[in-house]
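Here's a quick briefing for anyone meeting this structure for the first time. Have a look at it, then read on.

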Amino acid sequence: MTTTEPNQGALDDPARDRPKSMDAIDTHAKQAEKLNAGAVNDQAVKAGGAATSANDLGDELKLFRDDVLRNWDGKDAEAVADHLDKLGKASHNVSDKAEAARDILQRVSEIMENVKRKVAQLAQEANDKDADNRALIGAARQRKNSSDDESEIEAAASDIERLRQLNEKDANGKKEEIEQALDAAEKEIDELLKPLGMEIENGFLELVPAGKGDGTTASSASSGIDFRGTEAPSTSGGGGGSSGGGGDYGGASGVPGDGRPAKPIDAQGDNPAKIAERFLGRNAGDLKGSGELPAMQSWVPNNVNCANFVSGCLEAAGLIDKSQASASVSQLSANLKADGWTSVPLSEAKPGDVVVSNGGGHVVLYAGDGQFIGSNNVNPDGSQRISMGGGGGLVEILTPPK
């Protein structure tokens with residue numbers, strides 16, 4: 001018999017049949033099982049409630065302001081009304097931010113649930129394959145140990161080694177798939193949480209301190225929230241916005257500009273649609289950080305800049321002021337209506353009118369001749385670029401007061 005004793009002992013040790021990477025797979029599966037998507041979704045629900053409460057408060061303050069102006073006279077009345085107006089707008093802004101926090105946390109919850117399910121599936125596939133391979137190895141070992149024929153023993157020993165290598169390859173492949181899925185989910189959640197001032201770091205959600213990214217380290221005062229346990233991220237200080245094409249996502253630094261001069265364009269009095277045409281082909285992520293449209297808020301994520309861009313064009317044209325600008329589709333629409341903008345049919349629309357589309361989740365400008373222009377999700381990665389289109393699912397067209 002040519003098989004040496006040490007090799008013989010190794011071949012007869014069932015513990016060597018199981019790949020080391022299976023331990024990592026089991027660990028990943030246990031960690032993924034602890035992901036509590038429901039807790040994050042509960043926080044999303046709370047954020048939605050906060051958005052509704054803040055919006056209701058803003059509406060009540062506006063009614064109070066109107067009562068003051070109806071029933072009081074003089075400078076004192078005007079001063080009180082102005083103060084109430086500012087408080088009302090601040091409340092609506094808080095509502096936008098809480099609404100955005102809700103949308104972000106709901107998406108984070110979905111990602112957590114999806115990756116939890118995917119890791120469990122891959123881990124199960126890995127364990128099933130390992131069991132099958134080890135059954136084959138066990139059969140080869142039995143064949144080796146029950147034979148007196150030297151050539152049969154050598155062939156069985158060779159099968160054991162070959163099957164062990166195959167099992168190791170299969171397990172390593174599944175381990176890599178699992179780790180890629182976890183990494184992708186973590187990166188996606190990190191991007192979503194940046195506007196809320198949070199990130200995943202070493203398995204935790206932590207507040208991102210001011211100045212992070214320029215070489216500074218996380219503050220010891222950062223409040224960590226266990227991504228794997230039952231806690232969920234607090235919505236305090238979060239961003240705002242609306243579902244669909246626009247959202248006020250406060251808290252994150254803006255995307256760097258694209259090298260264009262960081263100064264406002266000279267467009268006072270121009271038609272908003274003509275202003276929009278200047279930026280055709282530009283990525284909204286670059287434009288919002290360039291300073292050319294000052295009303296655009298730099299913290300808005302690159303895939304929800306529609307109201308942000310329309311606000312920038314309207315402000316540049318002199319049709320609204322910065323306090324009326326909003327990265328929320330619903331809030332921008334409400335601000336315009338409060339300022340006297342009225343709804344018109346498509347047959348009466350004029351270039352520069354504001355078009356609410358996609359069931360109320362998107363907003364663009366009417367460009368004339370049945371065409372629309374705005375910040376649309378046309379890039380392969382889902383981010384927005386200034387382009388023609390975006391009028392599908394039309395809900396309402398708003399035209400400025402005469």
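What follows covers a helix pair and a pocket.

This is a predicted model, where local features need pLDDT of at least 70, side-chain atom pairs count only at pLDDT 80 or more, and totals for chains, interfaces and linings use all residues. Residues are numbered from 1 along each chain as its sequence is written, and side-chain values use heavy atoms, with hydrogens and water left out.

**The helix pair**

- Helix H8 (residues 306-317) and helix H9 (residues 329-338) have axes that come within 9 Å and cross at roughly 30°.
- That makes H8 roughly parallel to H9 (angles under 35 degrees count as such).
- On the H8 side, Cys306, Ala307, Val310, Ser311 and Leu314 meet Val329, Leu332 and Leu336 of H9 (contact means heavy atoms within 4.5 Å).
- By class, this contact of H8 with H9 has seven nonpolar residues, one polar and no charged.

**The second largest pocket**

- About 690 Å³ of space lies in the second largest pocket.
- Its lining divides into 12 charged, 10 polar and eight nonpolar residues.
- H4 (75-145) gives the most to that lining, with eight residues.
- Helix H3 (37-71), H4 and H9 each supply at least two lining residues.

How values were computed
Axes are lines fitted to C-alpha atoms, for helices over the stretch in contact, and angles run from 0 to 180 degrees between N-to-C directions. Helices (H or I, at least four residues) and strands (E, at least two) are DSSP runs, numbered from the N terminus. Angles under 35 degrees count as roughly parallel, over 145 as roughly antiparallel, 65 to 115 as roughly perpendicular and the rest as oblique. Ala, Val, Leu, Ile, Met, Phe, Trp, Tyr, Cys and Pro count as nonpolar, Asp, Glu, Lys and Arg as charged, and the others, Gly among them, as polar. On a 1 Å grid over the protein atoms alone, a cavity is a set of points where a 1.4 Å probe fits but cannot get out, and a pocket is an open set with protein on both sides within 12 Å along at least five of seven lines; lining residues have an atom within 4 Å of a point. Grid points are joined across faces, edges and corners, and a volume is the space filled by probe spheres set on the points.
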